[in-house]
Amino acid sequence: MRSRNRISFFTSVIAAVALALAGCSRLPVYSHFLPVSEQGWARGDSLHFVVPVDSAGTYRLRLDLRTTSHYPYTQLALRVSRQSTGSVAQQADTLHFSITDADGNLQGRGISVFQHSAQLPPVTLQRGDTLRLSVVHIMSAQQLPGIADVGITVER
């Protein structure tokens, strides 16, 4: 009978630890991808994301990019502009992605579509704010083929 109680106790402890660890993971409060035209991403075409905020706090932002083997360059430069309803100033960040290495091998995670990620500076928001982000490419080409999707993830 003692060993049965001991097993039950250890099972309960393991379950509690597993639940505690699962509760510590950061779930995104917003995660959304927008597709890019199959003909290519035209210079000047902005992708817009609108993120409503339910509670005040500091939020981490990540930009995710999905490319295919049709992307013709080794690098990609993006400009991400962000503004919240609680702030008058608009902030902009420039992100640089290495799409291939020096030997032309595709970088990123994936098989036929490759995902690349970059952190943006954290932003402090108030309850009821709306965070607006826009993403444009700042490459010299008028059309960029091989960009499948661009996404934003926001975590507390």
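Is Arg-66 buried, partly exposed or exposed? Arg-66 is partly exposed, with a relative accessible area of 25%, where buried means under 20%, exposed over 50% and partly exposed in between, taken with a 1.4 Å probe on protein chains only. The model is predicted, so that local features need pLDDT of at least 70 and side-chain atom pairs count only at pLDDT 80 or more, while totals for chains, interfaces and linings use all residues. Residues are numbered from 1 along each chain as its sequence is written, and side-chain values use heavy atoms, with hydrogens and water left out.

**Sheet**
- An open sheet is formed by 4 strands in the order E3-E9-E5-E6, with antiparallel pairing; strands are DSSP runs (E, at least two residues) numbered from the N terminus, and two of them pair if DSSP finds at least two bridges between them.
- Strand E3 (47-52) and strand E6 (91-98) are the edge strands, each pairing on one side only.
- E3 pairs with strand E9 (residues 130-137) in the antiparallel sense over 6 bridges, and Val-50 has Arg-132 in E9 as its bridge partner.

- Leaving aside neighbours within four places in sequence, Phe-49 is in contact (heavy atoms within 4.5 Å) with residues including Tyr-30, Leu-131, Arg-132 and Val-150.

**Salt bridges**
- The structure holds 4 salt bridges, each a side-chain nitrogen of Lys or Arg within 4 Å of a carboxyl oxygen of Asp or Glu.
- Glu-155 forms a salt bridge with Arg-60, the closest N and O atoms being 2.5 Å apart; because Glu-155 lies in strand E11 and Arg-60 in strand E4, the pair ties together parts that are 95 residues apart in sequence.
- Glu-155 is buried at 11% relative accessible area, whereas Arg-60 is partly exposed at 36%.
- Arg-66 forms a salt bridge with Asp-149, with the closest N and O atoms 3.5 Å apart, and since Arg-66 lies in strand E4 and Asp-149 in strand E11, this pair ties together parts that are 83 residues apart in sequence.
- Asp-149 is buried, with a relative accessible area of 17%.
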